[in-house]
Amino acid sequence: MLGILKLINKDVRSENESRKVIVVLRILYIVVFLAFILDIFYVGFDVIKVFPYRIICLFLADIILFIITYRSKTFTSLLLFMGFLGVWTLLMIPCFGWSAGMQNYFIIILMLCFFATHGRPIVKFFYAGLVLLVRILTILIFGGIKPVIQISQFFDKCLQITNISAVFISIIFISYVFSQKQTEEESKLMKYNDRLKKEASTDQLTGLYNRRKLMDVFKSMQKYNKYTSISLAMGDIDFFKNVNDTYGHDVGDEVLKSIADTMREKCPENSVISRWGGEEFLIIFPNYNGDDTFQFVDNLRLCIENRDIVIKGDGSDNSPGNNEDIVINVTMTYGISEYDFKDIDNTIKEADNKLYIGKQNGRNQVVY
């Protein structure tokens with residue numbers, strides 16, 4: 001069984017050719033071959049005596065064309081299969097009769113016209129129109145024809161079941177293989193779009209919301225107006241430039257990430273935290289008035305002040321003391337304002353002005 005699967009999945013000899021279409025064609029050749037054998041069994045082997053060259057040539061053609069798939073180009077193999085299946089159907093209807101359902105094999109050709117061929121939609125519709133024309137001519141020529149060998153009602157039903165099953169299996173297989181690629185591409189596209197949205201709304205270094213996303217959230221709060229109060233806290237790391245100048249920007253980045261982690265850990269679940277820019281952070285506190293926000297932010301300030309930020313030494317020349325760890329303590333200054341549910345920009349500006357006052361008055365404090 002594994003050997004057969006390996007044989008079917010073997011790649012084509014030509015370069016830059018689609019293996020998927022070729023594998024589908026090989027499966028279809030096998031399905032038609034098996035259905036052919038069962039049809040002959042149901043009708044009886046006497047049918048070979050009536051049409052010996054026709055049946056033997058079609059058997060050989062199925063096998064030879066199957067082998068050719070390992071050497072020919074994809075589009076050539078596709079045309080050969082559709083041509084073979086059309087000829088096979090037209091030649092077998094007189095053998096097995098109209099009621100056997102051989103004419104349903106044209107549906108497989110129609111499916112391949114749309115799923116396996118490349119080109120503009122108008123070309124695919126042209127192919128489909130040709131298939132429809134041949135199908136109509138088949139009805140006019142062979143409609144109602146009886147099998148060449150008289151068979152029982154039971155075997156006549158077996159013929160119908162075998163052929164319709166072969167057609168359904170082929171349709172299901174074609175649909176699965178070609179729709180799976182589309183599903184995978186759609187899934188990849190959705191993941192890619194989600195990643196783009198996330199990158200567009202978050203700060204890459206800290207993982208916090210960026211300024212644009214925070215403004216979107218703020219406007220959404222304003223629109224739905226479901227909060228009793230909203231307060232803002234604009235925070236800035238004190239003397240952050242000294243950290244970058246002394247230890248380098250890599251260490252500075254680690255400090256920013258540590259501060260962001262602390263804010264995520266300590267801030268209320270419904271708060272919205274953003275990196276406003278550089279070493280500035282802006283936090284929205286829904287349902288917090290100014291007094292409550294002041295108390296909370298002051299506790300956050302103390303937590304950051306008392307926390308050691310440990311930067312592991314990497315052993316390089318840029319790392320002070322080579323393998324020694326760096327322990328940094330930083331403080332932050334905050335400005336707080338209450339949102340009046342009218343002007344977002346003024347509320348942010350007010351928080352920023354109070355932050356500036358805190359900087360002027362010695363830093364490491366909360367101004368409200």
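Colleague: Why is Lys49 called exposed?
Modeller: Lys49 has a relative accessible area of 69%. Exposed means over 50%, buried under 20%, and partly exposed in between (1.4 Å probe, protein chains only), so Lys49 counts as exposed. This is a predicted model, in which local features need pLDDT of at least 70 and side-chain atom pairs count only at pLDDT 80 or more, while totals for chains, interfaces and linings use all residues. Residues are numbered from 1 along each chain as its sequence is written, and side-chain values use heavy atoms, leaving out hydrogens and water.

Colleague: What makes the pairing of Lys49 with Asp46 a salt bridge?
Modeller: The closest N and O atoms of Lys49 and Asp46 are 3.7 Å apart. The criterion is a side-chain nitrogen of Lys or Arg within 4 Å of a carboxyl oxygen of Asp or Glu, so this pair is a salt bridge. Both residues lie in helix α3 (residues 46-50), three residues apart, about one turn of the helix. Helices here are DSSP runs (H or I, at least four residues), numbered from the N terminus. Asp46, at 43% relative accessibility, is partly exposed.

Colleague: How do you know that Lys257 and Glu254 form a salt bridge?
Modeller: Their N to O distance is 3.0 Å. Lys257 and Glu254 sit three residues apart in helix α11 (residues 249-266), so about one helical turn separates them. Lys257 is partly exposed at 29%, and Glu254 is partly exposed at 33%.

Colleague: How many salt bridges does the structure hold?
Modeller: It holds 13. Asp236, Asp238 and Lys359 are linked in a network of them.

Colleague: What makes up the largest nonpolar core?
Modeller: It has 53 residues, and Phe36, Trp88 and Leu112 are among those with the most contacts inside it. Such a core is a set of buried Ala, Val, Leu, Ile, Met, Phe, Trp, Tyr and Cys residues joined through side-chain atoms within 4.5 Å. Elements giving two or more residues to this core include α2 (19-43) and α8 (153-201), and α2 gives the most, with twelve residues.

Colleague: Which residues is Leu112 in contact with, leaving aside its neighbours within four places in sequence?
Modeller: Among them are Leu25, Phe81 and Ile174, where contact means heavy atoms within 4.5 Å.
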